[in-house]
Amino acid sequence: MGRALELAARGLYTTDPNPRVGCVVVRDGLVVGEGWHVRAGEPHAEVLALRAAGPQARGATVYVTLEPCSHTGRTPPCADALIAAGVARVVCCSVDPNPRVAGGGIERLRAAGIAVSVGTCAAEARVLNVGFFSRHERGRPWVRLKLAMSVDARTAPAGGGRVWISGEAARADVQTLRARSSAVLTGAGTVRTDDPRLDVRLAYGPWIRQPLRILLDPMLTCPAGAKIFHGNGARVFAAADAPVRSDAGYPVERLPRAAGGVDLNAVLGRLKELEVNELLVECGPRLAGAFIRAGLVDEWVLYVAPTLLGADAAPLLHVSGLGGADSLPGFEFRDVQRIGADLRLILMPTRNP
């Protein structure tokens, strides 16, 4: 199963919105076939592994990182392919959380006389597909908040203007976060100040899958020529009472208003409908604070640069109105790494307000 997980990880940047899945076919103690899902609409891992195994799949044991599908989507059911190949046993990490499967594949295999074991390396498989599980189990994407700061917890110079806080290695690391994400989200203030593209410029194969670019612009104040709108894939979420923009050359969706902007729960609900598994939030202090205050941050990636910006520079977060100490959000460090000249901290919530 460890090998199957290695294969599944090859699809980290490409399978979206499908899960990352790997498969290994073993017969008489020897690996006779391997496969991993590459892109949505292309054959699943089980089908590729069975093709590689050929007639040796009959009577074999199949190790797969997620329950074989039992429905016809972009491709036929993998459970049927396993039955047709005559495998004797299937070992999978976990049940597929997709309600179109949700145990149906396992039932179909067992009804055909195939032994099925579930639970091997379940935690590792869940981490690999954390967004896919989140979308189907919680009805919203996995939210990864990315921020960069100086050692005095500042994010922009007092005089304004765009400045690189993190070094080149850290900026390259951010590209891997974007590449694995279904969507990248920012706010109107960041677009007006920094005019970011928020696209992927990482060469990890013969093609690049660009995530959706989501702009929260409650009152439609951003210029139509902003770089985030270059190319396809940009969407704007505005408040229900936003004025009509006749010059908007991009899709605008109106969502319920909340204090300070668009209702973030409504945003995540809409992104779930758009099949967003992992959402990367790259934004300014107010929107970042709003996500934290709402308890919607699942993972916080914080880059710390060995520089000072001064007390008058922009702060890391605007988080207010949280009450006493017991109501403050809590986090724990899950990982600390040196990335070039900077530090990368990964924090996970232990308590939400």
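**Close-up views of a predicted model**

**View 1. Strands E8 and E14 pair side by side.** Strand E8 (residues 183-187) and strand E14 (residues 278-282) run parallel and are joined by three bridges, where two strands are taken to pair if DSSP finds at least two bridges between them. The partner of Leu-185 across this pairing is Val-281 in E14, and Ala-183 lies opposite Leu-279 of E14. Helices (H or I, at least four residues) and strands (E, at least two) are DSSP runs, numbered from the N terminus. The model is predicted, so that local features need pLDDT of at least 70 and side-chain atom pairs count only at pLDDT 80 or more, whereas totals for chains, interfaces and linings use all residues. Residues are numbered from 1 along each chain as its sequence is written, and side-chain values use heavy atoms, with hydrogens and water left out.

**View 2. Strand E14 is covered on both faces.** Five of the five residues of E14 are buried, buried meaning under 20% relative accessible area, exposed over 50% and partly exposed in between (1.4 Å probe, protein chains only). In a regular strand the side chains alternate between the two faces of the sheet. In E14, Glu-278, Leu-280 and Glu-282 are buried on one side, and Leu-279 and Val-281 are buried on the other. E14 also runs parallel to E6, to which five bridges join it, and Val-281 of E14 is the bridge partner of Leu-145.

**View 3. Nine strands form an open sheet with mixed pairing.** The strand order is E11-E10-E9-E8-E14-E6-E15-E18-E17. Strand E11 (252-255) and strand E17 (330-339) are the edge strands, each of them pairing on one side only, and from one strand to the next the twist averages 25°.

**View 4. Helix H9 lies across several strands.** Helix H9 (residues 264-273) lies across strand E6 (142-150), E8, strand E9 (212-216), strand E10 (234-239), E11 and E14, contact meaning heavy atoms within 4.5 Å. H9 runs at about 145° to E10.

**View 5. Helices H2 and H3 pass each other in a left-handed crossing.** Two packed helices are described by the angle between their axes and the distance between the axes. The axes of helix H2 (residues 45-53) and helix H3 (residues 78-85) come within 9 Å and cross at roughly 20°; axes are lines fitted to C-alpha atoms, for helices over the stretch in contact, and angles run from 0 to 180 degrees between N-to-C directions. H2 and H3 are therefore roughly parallel, a term for angles under 35 degrees. A crossing is left-handed if the near helix is turned anticlockwise from the far one by less than a right angle. Glu-46, Val-47 and Leu-50 of H2 meet Cys-78, Ala-81, Leu-82 and Ala-85 of H3. This contact has six nonpolar, no polar and one charged residues, where Ala, Val, Leu, Ile, Met, Phe, Trp, Tyr, Cys and Pro count as nonpolar, Asp, Glu, Lys and Arg as charged, and the others, Gly among them, as polar.

How values were computed. Parallel < 35°, antiparallel > 145°, perpendicular 65-115°, else oblique.
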